Amino acid sequence: MTQPQPRAGPEQPGSGAPGGSRAQPEEADLLRRLLHSPSYRRVLVFSALIGVPVSLVAFWFLVALHQLEHLMWVHLPQAMGHPIPPWWWSLVLLPLAGVVVALVVTRLPGAGGHVPAYGLQPGGASARALPGVVIAAVASLPLGAVLGPEAPLIALGGGLALLFRDLARGTATPQNTALLGAAGAAAAMSVILGNPLVGAVLLMEVVGVGGPQLFAVMLPALLSSGIGALVFTGFGRWTGLETGSLSLPLSGPLPRLDAGDVGWTVVIAVVIGLLVHLIMAGARRAAALVRARPFAATVLCASGAGLCATVYTLVTGRTSAEVASSGQAAMAQLAADPRSWGAGALIAVLAFKGVAYALCLASLRGGPIFPALFLGAALGVLLAPLPGFGVIPGLAAGMAAAAAAAFRLPVSSVVLVALLLGSIAMIPVVMLAAVIAFSTTQLLPAFRDTPPVEEPELPSGAGTRAQAREPS
C-alpha cells in the first residue's frame, strides 16, 4: 500500500510558520487519498474481522493466567495447610520461572518476546515466535513475576493478526504488516485494560506517529479494539469467568481537591519520578548482564526476586504475594482498606517490590504497567497523612506519576488512572502528577544501556516508538 507524499511548495499565505510549512489542505488531501486506497480499505475490513478471534484468544489467555495464579498462590498453599503462602514459597516458584524462561530465551525463536526493561514495544511476534511468547508468559506471571500481562498480549495480538493474514493468503507488505500488527495488539490490549479507548490511546503513544500517519495506524486499531471489547464483554458475562478486574474499590467518597492536594502532588510526582527512574536504570543494567549470560543471569535474577518476597514475609509477617506477582490484586486491597497497611508494611513493600520489579523487568517476560501502578499507589498512601493531603488524592497522584515515569506515556497514564478510579474528579492531580513525573524522568541522565531494537515499518513519514524518545 503506497501512500502519496505531499508535494513541497511555497509557503501558504497566513500559515504563520517561519520559513514555510506543509499546507493543511495537502495534509487533508493525503488522508483523503489514503482512505480511497483499496489496499487500506482492505486493511480496515480485515482489522474488524481479526478483532473477534484475537479478543477471544486474549480472553482465554487471561483466564488461564488468572486461574493459574490462584492455583499457585491460593489453592496449593491451602491444600498444604497454609492459609497464606509459606515464607519459602517464592523461593520455589520464581527460580522455577527463571529456569523455564531461560530455556525459552536460549532455545526458542523470538526469545519469549520483548524484554520488559526496555518498555512496551508495538511490534507483534512472528508466527514462529508465538509459542515462546506464550510459554514465557505462562511461566513468568502465574509463578510470581513482578510484571503484568500487557506486553505478552501486545506480542500475542499482533502476532495472531499476522498469522491470520498469512492463513488467509493475504499479501504481506511492510505497511499492512505494521497496520495489522497494531490492530491485533489493540484488540488484545482492550481485553486487559477493560476499555478499547485506553488500549488505543496507549498504542498511539507507543507507536508515536502524527498527522495523517496517526489516523492511518489508529483507524484499524480503533476498529479492531472496539470489536474486540464487545466480544470480550459479552463472552465474559456469558462464561462467568474472571480475567482480573481493572477497577479500584475506593475506601470512601471522592473528596474535593484543595491547594494542599495540588501542592503535595508536585512533591510526590518529583519523588516518584526519581525513584522510578532509579528502578528502570537498575533494570536496564541487569538486562545487560542477562544478555551476556542469558541462562545463568535469568535464573539468578528470578531467584533474587523470590528472595525479596521471602525477606518481606519474614520481616512483616504478611503474604509474599504482595511483593511477588503484578500487584493488581494487592492494589485493589490497598485502595479498599488503606488503614490495614501500616507505615512499616508500606515502606517494606516499596523497598522489596521495587528491587524485585527491577530484577523481573530484566529477566522474565511480562509488562511494566501494573507493578508501577502499585508502587505509585503505595507511596501515595504512605504520604497521605501529610498536612492538607488525603488518601485518595495521594493514591491518584502516586499511580499517575509512577505510570508516566515507568513507561514514559503520559497521556495513556492519565486515561488509565482515570479508568481505575472510575471518575474524573481526581483528573487535575492525575494530570499534574503525570506531567511532572514524566518531565522529571526526561531531565534526568538517560539510560546508557539501550540496545538497538528493530523499528516497525509504518506508513511513510511515521515517527518512531515512544520508547525511543529517551535521549541517548
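1. Among contacts in the protein chain (heavy atoms within 4.5 Å) between residues at least 6 apart in sequence, 81% join residues that are at least 24 apart. The model is a predicted one, in which local features need pLDDT of at least 70 and side-chain atom pairs count only at pLDDT 80 or more, while totals for chains, interfaces and linings use all residues. Residues are numbered from 1 along each chain as its sequence is written, and side-chain values use heavy atoms, with hydrogens and water left out.

2. The protein chain has 16 helices and 0 strands, where helices (H or I, at least four residues) and strands (E, at least two) are DSSP runs numbered from the N terminus. Of its 472 residues, 54% are buried, a word that here means under 20% relative accessible area, with exposed meaning over 50% and partly exposed lying in between (1.4 Å probe, protein chains only).

3. When neighbours within four places in sequence are left aside, Met-399 is in contact with Leu-248, Met-331, Leu-373, Gly-376, Ala-377, Val-417, Leu-420 and Leu-421.

4. A search of the whole structure finds 1 salt bridge, defined as a side-chain nitrogen of Lys or Arg within 4 Å of a carboxyl oxygen of Asp or Glu. Glu-322 forms a salt bridge with Arg-318, and their closest N and O atoms are 2.9 Å apart. Glu-322 counts as buried because its relative accessible area is 6%.

5. Asp-261, found in helix H9 (residues 259-292), deserves a separate look. Asp-261 is buried yet has no salt bridge, and the nearest side chain of opposite charge, that of Arg-256, is 11 Å away; Lys and Arg count as positive and Asp and Glu as negative, while His and the chain ends are not counted. Not counting residues up to four places away in sequence, Asp-261 touches Arg-256, Gly-388, Phe-389, Gly-390, Pro-393 and Val-429.
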